[in-house]
Amino acid sequence: MKLITRSFSFAALVLLTAATGLPPIASAQAAQTERWLHVRVDNQVAKGEMVRVNLPLSLAEKVLPTINKDRLHNGRITIHEADMNGVNLRALLDALRTTRDGEFVTVQGTSGDVRVVKQAGYLLVHVRGNKDATNKRVEIRMPLTVVDALLSSSGNELDLVAALRALGAQGDTELVSVKDEKSTVRIWLDSKNTSE
């Protein structure tokens, strides 16, 4: 949930920056082909609080390079070696990208199940909490082309702008779904300028 909260905060910052002066899409044709990233957070515990973020990818591509805060500079995030706990992320993802499709990790435990799968150009992560435990479900569906674009910069940076461009080439797709007894989070991509 911490990653989702950070993602929401970042998307809200992008929207706030956009509201302070970026021009709208110039033509109706551009608006029809625009790809939108949607974030929806429903919190059943906090008196039904809801958050809806609808962000055109083209806007995010323009705004991201203008934000220079902490680890985010020029549309790229710096990842410190200490954050990776000794894991070479580029080598790991290259190995994943070049191997055949398959189910790589399956964990069945008393508190829940985890599966990590590569299938048809996607990295899929499924987490299910046991009904007796948290009843939490997490589904992540990440196109490997987006992962490649994210890693296209050199050194210890992740290129968010390149990843957004690669994401824009995808069809309508659900990227993240998180559900538990307290809240629901959904992140998806489509051509609509409003969320469901």
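**Note on the predicted model: sheet, cores and one loop**

1. In this predicted model, β3, β4 and β9 form an open three-stranded sheet, in the order β3-β4-β9 and with antiparallel pairing. The edge positions belong to β3 (72-73) and β9 (157-159); each has a single partner strand, so one side of each is left without a neighbour in the sheet.

2. The pairing of β3 with β4 (residues 76-78) is antiparallel and rests on two bridges. Within it, L72 stands opposite I77 of β4.

3. Helix α6 lies across β3, β4 and β9. Relative to β9, α6 runs at about 35°.

4. The largest nonpolar core comprises 28 residues. Those with the most contacts inside it are L37, L57, L64, L167, L175 and I187. At least two core residues come from each of β1 (36-43), β2 (49-56), α3 (57-63), α5 (144-150), α6 (160-168), β10 (173-179) and β11 (183-190). The biggest contribution is that of α6, with seven residues.

5. Another core, of seven residues, lies apart from the largest one. Its members include L93, L144, L151 and L158. As a general remark, nonpolar side chains in soluble globular proteins tend to be buried together.

6. S111 sits in the loop that links β5 (102-108) and β6 (112-119). Is S111 buried or exposed? Its relative accessibility is 52%, and exposed means over 50%, so S111 counts as exposed. S111 and G129 are 18 residues apart in sequence, with their C-alpha atoms 5.8 Å apart in space.

Methods. Residues numbered from 1 in each chain as written. Predicted model: local features only at pLDDT ≥ 70, side-chain atom pairs only at ≥ 80, totals over all residues. Heavy atoms only, no water. Core = buried A, V, L, I, M, F, W, Y, C linked by side-chain atoms within 4.5 Å. Buried < 20%, exposed > 50% of the residue type's maximum accessible area, 1.4 Å probe, protein only. Helix = DSSP H or I, 4+ residues; strand = E, 2+ residues; numbered from the N terminus. Pairing = 2+ DSSP bridges. Contact = heavy atoms within 4.5 Å. Axes fitted to C-alpha atoms, helices over the stretch in contact; angles between N-to-C directions.
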